[in-house]
Amino acid sequence: MSGEQELGITESKEHSPGEWYAEVVQKAGLADYAPMGGFIVTRPRGYAIWERIQNNLDGWFKDTGVQNAYFPLFIPESYLEKEKDVVEGFDPEVAWVTHGGHNELEERLAVRPTSESIIAPFMAQWTRSHRDLPMRLNQWCSVVRWEATETKPFFRTKEFLWQEGHTAHADENGAWEETMTRLDQYARLYEEVMAMPPLKGRKPPHDKFPGAHTTTTIETLMPDGKTVQAATSHYLGTSFGEAFDITYADADEEENTAHTTSWGLSWRAMGALIMTHSDDQGLVLPPALAPDQVVVVPIWQEDNKDDVIDYAADLAAELDEAGVRVELDDREHRNPGFKYNEHELHGVPLRVEIGPHEVEDGEATLVHRPDGETETVDRDGIADTVTDHLDTVHAKLYASAEETLEGEIREAESREEILGTIGQHGGYVKCGWCGDEDCEEPIKDAIAAEIVMVPLDRDEEPIHEDCAICGEDAEETAYFAKSY
């Protein structure tokens, strides 16, 4: 097989999205499959994208009073059992350590499926007075959930990277404000960094985090009509405070139970990013996340080689000095067409082509990755011009994803309409819902769609007066969709 064929994407995003996605992940150099099922190896290019997601969020967290910490990978079974809803909610997915070397452990250790049960006891130790609150902790780590599902890199793996924030507050208002602050930061990440329009809502009561009072969610729609739970922020009430004795003395020396929150985003965000923007030529990345934002490709003949390469190198150096992540691709053993295909496969947002005409006229030719739009610009002020074009690339990606979302939110007033609409179009279907979990089952059983969210505002009037499934009075609006 030739190099060109090895580079190319052979599957179709439209007709075989699963196979296409797996091919993009591997051929763009993001990840490989590990020898044991359910695990992946994240390659440097893939990890660089995750680092940029991490750096953006980490800075915003710290700007709002969060401190990073690290807690053990292993959680004693007795700790996990202190919050019964957590152990019941995660029990089928917990991986257990029973031996250390040849010796059986006195107590089983859970490989963390989430860390409330190991962090909360220490929050209890560190909280004595109202002056200790609010306490805001976050850790960047991996967790393990032993799901028996087909491996889908970044979407479905037994081990995955994430951040998990855990906070304690004096009262409900402070904890709820914290919950919404984190949800808004996740929404900001998707909008400003990932060029994806988010939907904000709540999970229905039967699908909230185990032990939580309220789970809020960011949902993002994929081009195949399925939704991704892109981040969650949980108001936990006092259930964890009571279970782990997180108490404080108020100004009157009265003892009170703290209200807690937890919130997290995993590398599922990367899966959503890849699925949303990429195409049949390969990976497409928004400029904020691209390891290389710009590639400069000199195109020469023997009689002008030195002039073209020198001009291209000077241009690349100027971009680098301005803070643009730029690569000068002056490889002699690859022709320009091969380079174009390779950098398109890798998702570089902007290509700068430099040939003898550009050198002679003091110009540069810019090519946008998402759509191939080409413009020849003056060499003077190239850093500002390139920055403007990178902003345009982000705007194009966002507009395309927003157009997809806006066309995929529909209404229904009956079970048949829900089934027919999702079955034919995918996307989200809004309908009246009585609040009974049983009314989700006929949809879930028929087409594997479920209620992925309800409006954030509990007082918002339902879209229709009657529940679309049972016909009883609707309490709120439900968003049905198929999920990744």
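A polar contact is taken here as a pair of N or O atoms within 3.5 Å, where, within protein, one atom must be able to donate a hydrogen and the other to accept it, and residues adjacent in sequence count only if both atoms are side-chain atoms. The structure is a predicted model, in which local features need pLDDT of at least 70 and side-chain atom pairs count only at pLDDT 80 or more, whereas totals for chains, interfaces and linings use all residues. Residues are numbered from 1 along each chain as its sequence is written, and side-chain values use heavy atoms, with hydrogens and water left out.

By the polar-contact criterion, the side chain of Thr167 is joined to that of Thr261 at 2.4 Å, and the side chain of Thr167 also makes a polar contact of 2.7 Å with the side chain of His169. Thr167 lies in strand E8 (residues 159–169), strands being DSSP runs of at least two residues (E) and helices runs of at least four (H or I), numbered from the N terminus. Because its relative accessibility is 0%, Thr167 counts as buried, a term that denotes under 20% relative accessible area with a 1.4 Å probe and protein chains only. When residues up to four places away in sequence are not counted, Thr167 touches Met123, Met135, Arg136, Leu137, Glu178, His259, Thr260, Thr261 and Trp263, contact meaning heavy atoms within 4.5 Å.

Helix H3 (residues 44–63) packs against helix H7 (residues 172–193) at an angle of about 140°, with the axes 11 Å apart; axes are lines fitted to C-alpha atoms, for helices over the stretch in contact, and angles run from 0 to 180 degrees between N-to-C directions. The two helices, H3 and H7, are therefore oblique to each other, a class holding the angles left over when those under 35 degrees (roughly parallel), over 145 (roughly antiparallel) and 65 to 115 (roughly perpendicular) are set aside. On the H3 side, the contact is made by Ile53, Asn56, Leu57, Trp60 and Phe61, and on the H7 side by Arg182, Gln185, Tyr186, Arg188, Leu189, Glu192 and Val193.

Helix H10 (residues 305–321) and helix H13 (residues 382–406) pack with their axes 9 Å apart and at an angle of about 70°, and H10 and H13 are therefore roughly perpendicular to each other. Leu315, Glu318 and Leu319 of H10 meet Ile382, Ala383 and Val386 of H13 in this contact.

In helix H11 (residues 336–346), the buried residues are Phe338, Lys339, Tyr340, Glu342, His343, Leu345 and His346.

Note on methods: Buried < 20%, exposed > 50% of the residue type's maximum accessible area, 1.4 Å probe, protein only.
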